[in-house]
Amino acid sequence: AEAILAGAVFAHARGEPLEPWAKAVEEVAARRPLQAQVWFILGELRLELGLADAGEDALLTELQHHPFSGATRAMLAKLYVEQNRLVDAVKILRPMLNVNPEDPIANALTATAYLKMNRPDRAAPHQARCAGFEGCP
């Protein structure tokens, strides 16, 4: 299982076709649903394949097993911002900011969501916390 997950990650990084890897990771998820990061990797692959709903489902399953996964929350928030589901983006990031209020990724995504809501007043403190970070608006 670990070899399949690692292979999928490396294939994604090398720009290889993802469909066969997504199928292989789906099989691992079916056999070993509690395998660390299986749902995260499956969600990422599905999003890359343009399967937003299926990707979101996999990422939400990952959060059920690993509720403090910052990477999963950030990926969901990015998806929600892209889909203009801005309140969902802010909500999914709140636990990250409760644990680490200075997290640059969570602050950048939260600031982006608030700016898209036309709420620069709510975005400003998050922009201050992510200043200098590449993704900071």
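**Close-up 1. Ala 22 is a buried residue of helix α2.** In this predicted model, Ala 22 has a relative accessible area of 5% and therefore counts as buried (under 20%, with exposed over 50% and partly exposed in between; 1.4 Å probe, protein chains only). Helix α2 covers residues 19-31 (helices are DSSP runs of H or I with at least four residues, numbered from the N terminus). Setting aside neighbours within four places in sequence, Ala 22 meets Leu 42, Leu 45 and Leu 49 (contact means heavy atoms within 4.5 Å). Leu 45 lies 23 residues from Ala 22 along the chain, and their C-alpha atoms are 6.0 Å apart.

**Close-up 2. Ala 123 is a buried residue of helix α8.** Here the relative accessible area is 0%, and the helix runs over residues 120-130. Not counting residues up to four places away in sequence, Ala 123 touches Ala 111, Tyr 114 and Leu 115. Between the C-alpha atoms of Ala 123 and Arg 73, 50 residues apart along the chain, the separation is 19 Å.

**Close-up 3. Helix α5 gives the most to the lining of the largest pocket, with six residues.** Two or more lining residues also come from α3 (38-48) and α7 (104-116), as they do from α5 (70-82).

**Notes.** Residues are numbered from 1 along each chain as its sequence is written, and side-chain values use heavy atoms, without hydrogens or water. Local features need pLDDT of at least 70 and side-chain atom pairs count only at pLDDT 80 or more, while totals for chains, interfaces and linings use all residues.
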